[in-house]
Amino acid sequence: GKMIPVSFKRAPDATVTMDEGALLAGARDMADKINGVRHWPPQYRDAFRGMKEIVFFEGTITVNTHPISRSCCDEDDAVFYWESSEFNQNSDADVRANTFFHDCWHVVQFQRSGRFAANEDERLEREVDAVGEQIEVARLLGCSDHEVTHLEAFRTNHGAIVARLAEGLERMFHRAGTRQ
């Protein structure tokens with residue numbers, strides 16, 4: 001129900017050439033999957049609508065002075081930076097849609113609190129919360145039992161969550177509620 005702009009960034013250190021046409025087609029399939037759900041609970045519908053842009057990228061790009069090399073969300077600007085290689089790892093529109101939702105939920109968390117996570121414990125809490133909401137969305141999207149089970153296992157594996165939070169980000173986010 002909302003147009004979300006898509007753009008592309010290829011860093012000088014990128015080793016993969018993005019197929020922009022294929023990425024746009026995949027994003028359209030994902031949007032069709034999201035729009036195909038007849039009755040979204042309002043909080044999920046609004047979360048999807050809260051994202052302002054998707055930026056597909058390869059290599060290490062700079063976001064607000066911070067280098068990133070893996071998918072992440074700039075929560076206050078509501079921009080999802082999606083590594084094209086990660087997007088292409090799974091061609092299922094439902095998996096892409098629930099992955100996208102996860103970061104849409106981080107925008108909701110930021111807007112509700114009015115700030116970034118104050119510390120690593122709060123970052124973990126927000127991640128666990130986002131995965132929990134993602135599980136519900138995955139079910140509404142018709143994701144496989146295997147996908148839902150994977151998300152449920154990840155949600156309870158705090159060590160894996162902490163490792164993922166640290167992966168590919170130069171501490172872009174959130175100590176004492178501010179950017180570093």
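Buried here means under 20% relative accessible area, exposed means over 50%, and partly exposed lies in between, with a 1.4 Å probe and protein chains only. This is a predicted model, where local features need pLDDT of at least 70 and side-chain atom pairs count only at pLDDT 80 or more, while totals for chains, interfaces and linings use all residues. Residues are numbered from 1 along each chain as its sequence is written, and side-chain values use heavy atoms, leaving out hydrogens and water.

Start by selecting Phe-56, which counts as buried because its relative accessibility is 0%. Rings of Phe, Tyr and Trp (its six-membered ring) pair if their centres lie within 6.5 Å; planes under 30 degrees apart are stacked, over 60 edge-to-face, and the rest tilted. By this rule there are 14 aromatic pairs.

Next, select Phe-48 and Phe-100: with centres 6.1 Å apart and planes at 25 degrees, this pair is stacked. Phe-48 belongs to helix H2 (residues 42-50) and Phe-100 to helix H4 (residues 93-113), 52 residues apart. Helices (H or I, at least four residues) and strands (E, at least two) are DSSP runs numbered from the N terminus. Both Phe-48 and Phe-100 are buried.

Go back to Phe-56 and Phe-87. How are their planes arranged? They meet at 70 degrees, with ring centres 4.9 Å apart, so the pair is edge-to-face. Here strand E2 (residues 53-58) supplies Phe-56 and helix H3 (residues 84-89) supplies Phe-87, 31 residues apart.

Finally, show the cluster linked by ring pairs, whose members include Phe-8, Trp-40, Tyr-44 and Trp-105.
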